Amino acid sequence: MRTRESAPTVPQKKTVYFSRASRSARASADRSAIVDRLKLRTSGAGSFSAPCIPSLSDHYFDKLMRIFEALDRPLQAGELAAMRATFREQLQAGFDSSPYARFVLAYRPSESRPFALDCTLSVVAPSLGEQYEDFLESTGTSEPFGAQPDAMVLQVARDQAHSGPISILDVGAGNGRNSLPLARLGAVDALEPVSTLAAALARAAEAEALPVRVLTQGILDERLEGLRDNYDLVVMSEVTPHFSRRDLNVVLPRVAGLLSPGGSLLFNAFVARSNSRPEPLAEEAAQSVWSTFFSREELTAIASSCGLSLHQDASCVDYERQHSEPGLWPPTAWYVNWANGRNLFGDTSSEPSIELRWLEYRRG
Ligand SMILES: C[S@@+](CC[C@H](N)C(=O)[O-])C[C@H]1O[C@@H](n2cnc3c(N)ncnc32)[C@H](O)[C@@H]1O
């Protein structure tokens with residue numbers, strides 16, 4: 001009797017179990033059918049923008065594909081390859097036009113195809129002047145590169161001026177942080193392509209009646225006008241991080257040709273701690289963040305090809321810190337991080353692979 005009573009309970013339980021399972025399977029199928037159906041009524045629009053770094057084109061493209069996927073509008077296999085190829089080409093063309101170029105990929109629901117996005121890809125390349133307008137606005141100070149001249153610039157100028165006034169070319173003079181004190185040691189030609197900075201420098205020099213001639217030109221300009229060919233000192237402070245490798249190969253011979261025999265060329269440059277060829281990503285990204293770097297080998301090769309020999313080589317941060325007046329270090333909030341390569345490598349704990357160095361060459 002007990003056996004009989006208990007026997008039917010087992011299949012009954014099973015029946016309940018299967019019925020719940022099938023209800024939940026049905027509910028889940030219904031849910032995904034509804035969610036799938038509602039994809040027609042979802043929509044998303046936006047834009048994604050980043051620097052045109054050719055080595056990162058696949059990285060950025062894959063990121064975009066994840067956005068499209070999340071919006072239920074993945075690209076179809078047929079269009080994927082073509083769009084990836086166009087994207088790569090546009091990023092390369094953008095970077096070639098300017099290392100500061102950015103792409104903007106804008107997407108919105110397609111009006112003609114229900115499960116697609118209409119995309120437009122554009123490239124914006126701010127000029128050097130526009131870059132500096134933004135920079136000046138972001139620093140919000142009238143002394144964007146610091147209030148004091150570089151200690152190394154003054155030291156080299158005083159060395160050159162030991163027997164009397166000298167002639168000096170300050171390339172990329174900015175608003176005159178170095179040109180104005182240099183003009184107390186000799187006549188200064190200040191080359192500055194950004195008109196806002198050149199105008200500020202001209203006003204400051206005039207106010208103090210200092211011998212500064214401001215030339216609103218860039219050292220890479222095809223036709224440079226008004227320069228001498230016998231400067232005792234050519235200074236380029238914080239300028240080479242703007243150059244490409246090709247630019248430096250033009251600029252060093254050009255400025256070497258403007259020096260008198262025995263004259264000094266003093267510039268600072270990011271120097272790689274290793275001589276091995278850098279990854280294309282590091283090279284491209286460095287230019288986009290004002291941190292182009294060079295190997296010692298290539299600097300030596302260019303310098304010796306134009307009759308320059310190395311006279312001093314020192315860490316900018318160490319030298320400037322040691323020679324700064326009490327309470328005046330650092331010169332700006334950004335200087336130390338930038339000069340230590342952190343604009344490129346960020347705040348990693350390891351030592352960045354590049355460092356800003358003072359290099360003084362003398363013309364034989
Ligand atoms: C970081 S600022 C330094 C300004 C100044 N030398 C100083 O140390 O205060 C870099 C300067 O380099 C200038 N520059 C950039 N490319 C240049 C070029 N091709 N020729 C001359 N100057 C350039 C910029 O306009 C800017 O004034």
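Tyr132 is found in helix H5 of this predicted model. Is Tyr132 buried, exposed or partly exposed? It counts as partly exposed, because 18 C-beta neighbours lie inside 10 Å, whereas a buried residue needs 20 or more. Leaving out residues up to four places away in sequence, Tyr132 touches Val194, Thr196 and Leu197. The C-alpha atoms of Tyr132 and Ser195 are 10.0 Å apart, although 63 residues separate the two along the chain.

These contacts of Tyr132 lead on to the meeting of two helices. A pair of packed helices is described by the distance between the axes and the angle between them. For helix H5 (residues 128-139) and H8, the axes come within 9 Å and cross at roughly 65°. On the H5 side the contact involves Gly129, Tyr132, Glu133 and Leu136, which meet Ser195, Thr196 and Leu197 in H8. Sorted by class, this contact has 3 nonpolar, 3 polar and 1 charged residues.

Most residues other than glycine have a negative phi, and most peptide bonds are trans. Ala209 has a positive phi, near 50°. Ala209 counts as exposed, because it has 8 C-beta neighbours inside 10 Å, and the limit for an exposed residue is 12 or fewer. Trp290 is another residue with a positive phi, in this case near 60°. Its place is the loop between helix H10 (280-288) and strand E9 (293-294). With 18 other C-beta atoms within 10 Å, Trp290 is partly exposed. A cis peptide bond, with omega about 0°, joins Trp329 and Pro330. Pro330 sits in the loop that runs between helix H12 (316-322) and helix H13 (335-339).

Turning to the strands, how many of the residues of strand E4 (residues 166-171) are buried? The count is 5 of the 6, so strand E4 is largely enclosed by the rest of the structure. Strand E4 runs parallel to strand E5 (residues 186-191), and 6 bridges join the two. E4 also pairs with strand E7 (residues 231-236), again in the parallel sense, over 3 bridges. Leu169 illustrates both pairings: its bridge partner in E5 is Asp189, and its bridge partner in E7 is Val234.

The largest nonpolar core has 55 residues, and Ile168, Val171, Leu233, Val234, Val235, Leu265 and Leu266 have the most contacts inside it. Strand E8 (residues 259-272) gives the most to this core, contributing 7 residues. What does Ile168 contact beyond its neighbours within four places in sequence? The residues are Ala157, Leu182, Gly186, Val188, Tyr231, Asp232, Leu233 and Val235.

An open sheet is built from 3 strands in the order E1-E2-E3, with antiparallel pairing. Which strands stand at the edges? Strand E1 (46-51) and strand E3 (117-124) do, and each has a single partner strand, so one side of each is left without a neighbour in the sheet. Neighbouring strands here are turned by 15° against each other on average, with direction ignored. Strand E2 (residues 102-109) pairs with E3 in the antiparallel sense over 8 bridges. Within this pairing, Ala106 has Thr120 in E3 as its bridge partner. Helix H4 (residues 77-97) lies across E2 and E3, and runs at about 20° to E3.

Finally, the surroundings of the ligand can be described. The ligand is surrounded by 21 residues, of which Phe145, Gly172, Gly174, Arg177 and Gly218 are the closest. What is the make-up of this shell in nonpolar, polar and charged residues? The shell divides into 12 nonpolar, 6 polar and 3 charged residues.

How values were computed:
Residues are numbered from 1 along each chain as its sequence is written. This is a predicted model: local features need pLDDT of at least 70, side-chain atom pairs count only at pLDDT 80 or more; totals for chains, interfaces and linings use all residues. A residue is near a molecule or strand if its C-beta atom, placed from the backbone, lies within 6 Å of it. Ala, Val, Leu, Ile, Met, Phe, Trp, Tyr, Cys and Pro count as nonpolar, Asp, Glu, Lys and Arg as charged, and the others, Gly among them, as polar. A nonpolar core is a set of buried Ala, Val, Leu, Ile, Met, Phe, Trp, Tyr and Cys residues joined through C-beta atoms within 7 Å. Helices (H or I, at least four residues) and strands (E, at least two) are DSSP runs, numbered from the N terminus. Two residues are in contact if their C-beta atoms, placed from the backbone, lie within 7 Å. Two strands pair if DSSP finds at least two bridges between them. Axes are lines fitted to C-alpha atoms, for helices over the stretch in contact, and angles run from 0 to 180 degrees between N-to-C directions.
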